[in-house]
Amino acid sequence: MASYDIGVLAGDGIGPEVTREALKALEAVAAVEGFTYKLVEYPYSGEYYLKTKELVSDQVIDEWRALDAVLLGAIGHPDVEPGLVERSVILGLRFGLDLYINLRPIKLYAEHLCPLKGKGPADIDFVVVRENTEGLYSQIGGHLKKGTPDEVSIINGVYTWKGCERASRYAFELAQKRAREGGEGRRVTLVDKANAVRPHDIWTRAFAQVARDFPDIEPDHAYVDACCMWMIKNPEWFDVIVTPNMFGDIITDLGAMLQGGMGIAASGNIHPGQTSMFEPIHGSAPKYAGKNVACPLGAIGAVSMMLEFLGEAGAAVRLEDSVADLLRSGKVPSADARSGISTSGMGDMVVERLGRG
Ligand code: IPM
Ligand code: MG
């Protein structure tokens with residue numbers, strides 16, 4: 001029987017509550033599908049930092065390398081300097097483990113969750129492949145004459161051929177996989193801003209070179225501003241999008257709304273063949289913390305993505321189907337803190353459906 005070592009960082013705010021439900025779903029699906037796992041819990045969070053002043057060390061990152069996967073709840077505390085713990089934990093994982101793909105599916109399971117008029121599940125089903133270790137997240141930069149009228153602030157956008165190439169290749173391979181599963185003609189859209197930001201043309205060229213290896217997949221392009229417009233106007237156009245780090249961050253919040261909100265959007269931070277990290281895309285939402293109202297479906301979706309990554313495809317589909325079935329049942333009016341369903345209640349409703357299929 002397969003067994004996995006899974007690191008768990010429940011984190012801040014609503015993180016521990018949604019993680020509890022995610023682990024409940026993991027336990028239930030493991031029992032049905034017949035695999036085992038060991039959880040290794042880590043305390044890193046804003047809350048923990050306030051108590052101990054401890055952030056993630058290189059030693060801990062090395063320890064993570066020995067795991068099969070890491071599940072993360074949410075990081076961010078209102079009393080800690082903005083971004084300090086997020087950079088240590090989330091970017092520590094992404095950069096430290098070279099998780100160069102941030103995979104963010106945008107899939108609408110039930111029409112009533114979509115804010116767009118006249119669009120349904122057949123229209124909203126695409127995946128964003130966000131480059132996850134470069135771009136404006138490079139952390140290369142700083143301040144000069146800080147706090148004076150002459151202050152200068154610089155951040156370097158870093159785009160390497162290797163980074164653009166491997167993200168593009170992952171996107172084309174994913175489109176090919178989706179074509180095999182869905183049978184339709186498939187395309188990959190490169191989303192950049194190479195008209196105004198000319199160094200983005202490294203993306204244009206790397207993407208075009210990779211596209212030559214995939215003659216059955218249509219290469220497509222949109223500038224990021226137009227992409228935002230198309231995502232609202234014609235979301236059915238998109239199949240797989242590949243895009244630099246910062247644009248991926250921005251368009252996936254927009255995408256989350258198309259699929260029902262931040263409460264439902266899940267993501268995988270992936271380095272194929274190595275330890276990878278899975279998380280809901282929402283933050284710690286301090287105002288909902290401890291109230292048992294946060295929607296755990298994003299965290300549960302992250303478990304499904306983790307299972308797919310680990311090679312437990314049957315378990316991944318079973319879990320995703322349970323979430324989809326629940327949403328289609330009409331019992332969940334919205335995938336957010338105002339659904340009228342508690343965090344634990346929503347977890348129970350997913351688990352209850354797991355054994356049915
Ligand atoms: C995300 C988040 C993070 C990011 C923050 C918390 C650092 O917004 O995962 O989308 O910018 O990538
Ligand atoms: Mg974000």
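Here are a few worked exercises on the predicted model above.

**Exercise 1: ring against ring**

Task: classify the pair formed by tyrosine 4 and phenylalanine 35, then do likewise for phenylalanine 172 and phenylalanine 207.

Solution. A pair of aromatic rings is described by the distance of the centres and the angle of the planes. The structure has nine aromatic pairs. Take tyrosine 4 and phenylalanine 35: the ring centres sit 5.9 Å apart and the planes meet at 70°, so this pair is edge-to-face, given that the label applies over 60 degrees. Then place the two residues. Tyrosine 4 belongs to strand E1 (residues 3-11), while phenylalanine 35 is in the loop between helix H1 (15-33) and strand E2 (36-41), so the pair links distant parts of the chain, 31 residues apart. Tyrosine 4 and phenylalanine 35 are both buried.

On to phenylalanine 172 and phenylalanine 207: with centres 5.2 Å apart and planes at 45°, the pair counts as tilted. Phenylalanine 172 is in helix H5 (residues 161-182) and phenylalanine 207 in helix H6 (residues 201-211), so parts 35 residues apart in sequence get tied together. Both phenylalanine 172 and phenylalanine 207 are buried.

To wrap up the rings, look for a cluster: Tyr42, Tyr44, Tyr48 and Trp64 form one.

**Exercise 2: charge over ring**

Task: say which residue lies over the face of tyrosine 49 and which lies over the face of tyrosine 137.

Solution. For tyrosine 49, it's lysine 53, at 4.9 Å from the ring centre. For tyrosine 137, it's arginine 130, at 5.1 Å from the ring centre.

**Exercise 3: salt bridges across the chain**

Task: locate the partners of the salt bridges lysine 24 – aspartate 348, glutamate 33 – arginine 318 and glutamate 218 – arginine 187, and decide whether each partner is buried or partly exposed.

Solution. A search of the whole structure turns up 23 salt bridges. For lysine 24 and aspartate 348, the closest N and O atoms are 2.7 Å apart. Lysine 24 is in helix H1 and aspartate 348 in helix H11 (residues 343-354), so the bridge ties together parts 324 residues apart in sequence. Lysine 24, at 26% relative accessibility, counts as partly exposed, and so does aspartate 348 at 43%.

Glutamate 33 and arginine 318 meet at 2.6 Å, N to O. They link helix H1 with helix H10 (residues 313-328), 285 residues apart. Glutamate 33 is partly exposed at 29%, as is arginine 318 at 21%.

For glutamate 218 and arginine 187, the closest N and O atoms are 3.2 Å apart. Glutamate 218 is in strand E9 (residues 217-223) and arginine 187 in strand E8 (residues 186-192), 31 residues apart. Glutamate 218 is partly exposed at 36%, but arginine 187 counts as buried at 16%, because the cut-off for buried is under 20%.

Conventions. Residues numbered from 1 in each chain as written. Chains lettered and ligands numbered in written order. Predicted model: local features only at pLDDT ≥ 70, side-chain atom pairs only at ≥ 80, totals over all residues. Heavy atoms only, no water. Phe/Tyr/Trp six-rings, centres within 6.5 Å; stacked < 30°, edge-to-face > 60°. Helix = DSSP H or I, 4+ residues; strand = E, 2+ residues; numbered from the N terminus. Buried < 20%, exposed > 50% of the residue type's maximum accessible area, 1.4 Å probe, protein only. Lys NZ or Arg CZ within 6 Å of the ring centre and 35° of its normal. Salt bridge = Lys/Arg side-chain N within 4 Å of Asp/Glu carboxyl O.
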